[in-house]
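Reader: Hello! I am new to this structure, so could you pick a single spot, look at it closely, and then walk me outward from there?

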Amino acid sequence: MVQKEVEIKNKLGLHARPAALLVQTASKFKSDVYLGKNDHEVNGKSIMGVMMLAAEMGSMLVITTKGADEEDAMNALFELFENKFNED
Amino acid sequence: MEKSNFKIKCEQMFKGIPASSGIAISKVFILEGEAVKIDSAPIDDTEIETEVEKFKAAIQKAKSELKTLKSKAAQRMGEENARIFDAHQLLLEDDVVIDETIGGIRQENKGADAAFYEIMQKYLQTMEKSDEFFRSRISDIIDVKRRVIKHIQGNRSDYLNKMQGSAVIAARDLTPSDTVKLDRRKVKGFVTDFGGKTSHVVIMARSMEVPAVVGLHKLTEYVHEGDRIIVDGFEGKVLINPDEKTIKFYRQLQERLDDTLIRSQEIRDFPCITLDGKAIELSANLEFPDEVDAVKKHGAKGVGLFRSDYLYLKSSNLPTEEEQLQEYLKIIRKTSPDPVIIRTMDVGGDKRPLSIAIPPEENPFLGWRAVRISLERKEIFHAQLRAILRASAEGNVKILIPMISGFDELVECKTAIQKAKLALKKDKLPYDKNIEVGVMIEVPSAALMTDKIAPEVDFLSIGTNDLVQYMLAVDRGNERIAYLYKHLHPAVLRIIRKIIYDGHQAGVWVGMCGEMAGDPLATLILLGLDLDEFSVSPSAVPEIKNIIRSSDYRESAKIAQKALQFEKASDVEKFMTKIIRKKFKNLIL
């Protein structure tokens with residue numbers, strides 16, 4: 001299991017488009033992906049779950065990956081957050 | 001659209017477009033627009049797997065629909081902006097949502113629509129509580145929710161079927177697939193937010209002889225199920241929760257109307273002939289075989305247009321030749337020896353059949369419909385032609401082909417009819433060898449070519465509903481531009497004159513089966529232009545017969561000449577209203 005904390009840096013937060021990108025990326029990997037925010041954890045492969053997080057700019061999320069390719073999954077997801085989902 | 005919580009307590013009046021005459025005093029039954037009614041009754045254990053499959057199929061259908069939407073959006077707004085549909089697409093692939101829904105069906109015996117609806121509501125409520133920004137995402141989820149539920153329910157006809165007792169149906173809009181399973185005895189009238197004078201619901205209402213008011217904009221947001229309602233199909237008025245005085249007034253009006261109807265029954269058995277002796281064929285339009293009694297009841301001579309479309313709309317199975325034959329015979333046996341004109345399948349446009357898959361189109365009225373489907377799906381056409389031909393052995397039957405736009409289609413249709421005849425001959429089944437074949441003239445390209453088309457057929461039937469829409473480039477269902485939809489437009493009158501002239505030059509008779517044929521304001525013009533046959537909804541027969549019997553053909557020819565000289569539709573209307581009002585003081589216009 002790998003865990004990492006990330007900050008949401010894009011202006012609009014995790015709205016529909018970045019949420020879609022996140023779910024698409026997470027779904028490429030075999031590992032389970034979870035996103036946590038203030039004790040609330042959702043399935044990172046569920047767009048509904050990700051949108052429910054209502055994560056706006058500046059909020060902190062905990063990414064958890066668990067499975068055979070957990071390292072690769074974490075790297076790919078972390079990069080998305082760092083690149084502000086190619087927005088702004 | 002979410003419903004306003006504002007409940008109408010006192011009498012409230014709404015004004016729309018009067019579309020089918022009559023008065024109804026009843027209660028409201030609401031057929032929701034896109035946000036469809038959810039049936040929350042638990043399902044039987046035996047239905048569980050069917051519901052699960054229904055849900056999965058709905059997800060698949062919604063997905064392919066979104067795919068089309070996305071590629072269209074990409075063309076218009078660029079790949080990047082079309083990404084929004086990725087989010088929708090992912091919603092449909094969301095295993096959490098899918099598993100929760102299937103769980104709801106399997107463990108809690110919910111119907112597929114109810115299970116999915118509840119899950120989505122749960123998410124929506126959470127989002128509702130979040131801050132402003134995320135609330136704006138809600139519309140995406142609502143969109144997906146509606147799309148899936150629409151596919152689960154297929155169409156709203158099953159829901160309509162559950163209506164208890166009699167009522168007036170209120171809806172944003174009604175499509176043919178909604179109404180196909182309707183128990184017509186229970187319906188007292190229709191009121192819709194959308195729609196113009198010739199939308200499907202209007203044709204339905206007239207054939208059912210109940211009042212209808214359309215184009216009421218936001219009525220469905222304000223009325224509630226069970227509200228008392230008065231529909232005034234003459235004035236286009238809808239009254240919600242009327243007070244006692246109003247109810248009394250309308251009850252009296254209803255009685256007076258019944259009297260008028262009885263008086264018009266008195267001329268039922270009289271011939272349809274002008275004062276100077278010109279005989280006119282006056283027949284009825286028919287939507288369903290079980291309405292056939294209305295034809296004779298109102299004094300029509302036969303059926304000028306039987307729309308066979310419901311055969312293709314009512315279920316997901318194509319009608320067999322035998323099944324069609326039985327339906328046709330139901331009509332023929334009741335009307336013989338008067339003629340019955342059967343129009344071949346005219347689905348597509350706003351009629352979405354369950355039995356033929358029509359892919360989503362951007363312009364359905366200019367798309368794959370009517371004879372275009374028949375000529376591509378030749379096996380469907382062949383079965384229908386065989387059924388009509390077999391029916392012709394037992395009565396006076398004629399074939400009418402809709403939506404002919406060019407000469408090629410006519411030639412192909414004639415070949416198909418020939419082929420069906422040969423096949424019957426081979427099977428030693430009887431049919432009328434001299435069966436008359438006619439075409440609908442409803443596409444401007446055909447209307448302009450009637451001098452070439454008429455010599456190839458036995459009759460022409462002018463379909464004004466589509467002809468007017470295509471001639472004037474006015475979508476007949478769009479209430480915003482409904483004011484432009486005028487069958488008394490001089491351009492329309494001129495093309496009608498040409499069609500009739502060309503028909504007579506070729507020695508064939510010309511009829512009309514659109515709503516215009518039943519409009520008292522148009523009767524004298526059409527009579528004067530030498531129209532041979534009027535086919536109108538059964539309830540309009542006495543009125544039109546009365547006008548024809550009280551008029552002079554030669555005088556009408558003069559009136560028609562004058563009407564054709566006006567510049568504007570409104571001038572023609574004014575001119576005709578004046579003449580008709582003077583001549584027929586009792587006519588309700």
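Author: Happy to. Let's begin with A:N38, which counts as exposed because 11 C-beta neighbours lie inside 10 Å; the cut-off for that word is 12 or fewer. Before going on, please keep in mind that this is a predicted model. The backbone at A:N38 has a positive phi of about 45°, although the residue is not a glycine. As for its place, A:N38 sits in the loop that runs between strand 2 (32-37) and strand 3 (40-43) of chain A.

Stepping back from that loop, we can look at the chain around it. Chain A is built from three helices and four strands, and reading along the sequence gives the pattern β-α-β-β-α-β-α. Chain A has 88 residues, of which 39% count as buried.

How confident is the prediction here? The mean pLDDT of chain A is 87, and 99% of the residues score at least 70. Among the elements of chain A, strand 4 (residues 60-66) has the highest mean pLDDT, 93, while helix 2 (residues 47-52) has the lowest, 82.

Helix 1 (residues 16-27) of chain A packs against helix 3 (residues 70-82) of chain A at an angle of about 165°, and their axes are 9 Å apart. An angle over 145 degrees counts as roughly antiparallel, so helix 1 of chain A and helix 3 of chain A are described that way. Their crossing is right-handed. On the helix 1 side of chain A, the residues that meet the partner are A:L21, A:L22, A:T25 and A:A26, and from helix 3 of chain A come A:A73, A:A76, A:L77 and A:L80. Sorted by class, this contact of helix 1 with helix 3 of chain A holds seven nonpolar residues, one polar residue and no charged ones.

Now let's cross over to the other chain. Contacts link 18 residues of chain A with 17 residues of chain B. On chain B, at least two residues each come from helix 2 (84-93), helix 3 (95-108), helix 4 (112-129) and helix 5 (132-135). Helix 2 of chain B gives the largest share of that side, five residues. By class, the side of chain B that touches chain A has nine nonpolar, two polar and six charged residues.

Chain B as a whole has 25 helices and 16 strands. Of its 589 residues, 46% are buried, and 69% of its contacts with a separation of 6 or more are between residues 24 or more positions apart.

B:K428 counts as exposed, because 6 C-beta neighbours lie inside 10 Å.

Another backbone detail in chain B is the peptide bond from B:S336 to B:P337, which is cis, with omega near 5°. B:P337 belongs to the loop between helix 14 (321-335) and strand 11 (340-343) of chain B.

Helix 22 (residues 520-528) of chain B crosses helix 23 of chain B at roughly 45°, and the axes come within 10 Å. That angle makes helix 22 of chain B oblique to helix 23 of chain B, and the crossing is right-handed. B:P520, B:T523 and B:L527 of helix 22 of chain B meet B:E543, B:I544, B:I547 and B:I548 of helix 23 of chain B. This contact of helix 22 with helix 23 of chain B has five nonpolar, one polar and one charged residues.

One last stop is B:Q505, in helix 21 (residues 490-505) of chain B. B:Q505 is exposed, with 12 other C-beta atoms within 10 Å. B:Q505 and B:D451 are 54 residues apart in sequence, and their C-alpha atoms are 7.9 Å apart in space.

Definitions and conventions:
Residues are numbered from 1 along each chain as its sequence is written. Chains are lettered from A and ligands numbered from 1 in the order in which they are written. This is a predicted model: local features need pLDDT of at least 70, side-chain atom pairs count only at pLDDT 80 or more; totals for chains, interfaces and linings use all residues. Axes are lines fitted to C-alpha atoms, for helices over the stretch in contact, and angles run from 0 to 180 degrees between N-to-C directions. Angles under 35 degrees count as roughly parallel, over 145 as roughly antiparallel, 65 to 115 as roughly perpendicular and the rest as oblique. A crossing is left-handed if the near helix is turned anticlockwise from the far one by less than a right angle, and right-handed if clockwise. Two residues are in contact if their C-beta atoms, placed from the backbone, lie within 7 Å. Ala, Val, Leu, Ile, Met, Phe, Trp, Tyr, Cys and Pro count as nonpolar, Asp, Glu, Lys and Arg as charged, and the others, Gly among them, as polar. A residue is buried if 20 or more other C-beta atoms lie within 10 Å of its own, exposed if 12 or fewer, and partly exposed in between; C-beta atoms are placed from the backbone. pLDDT is the predictor's confidence in each residue, from 0 to 100.
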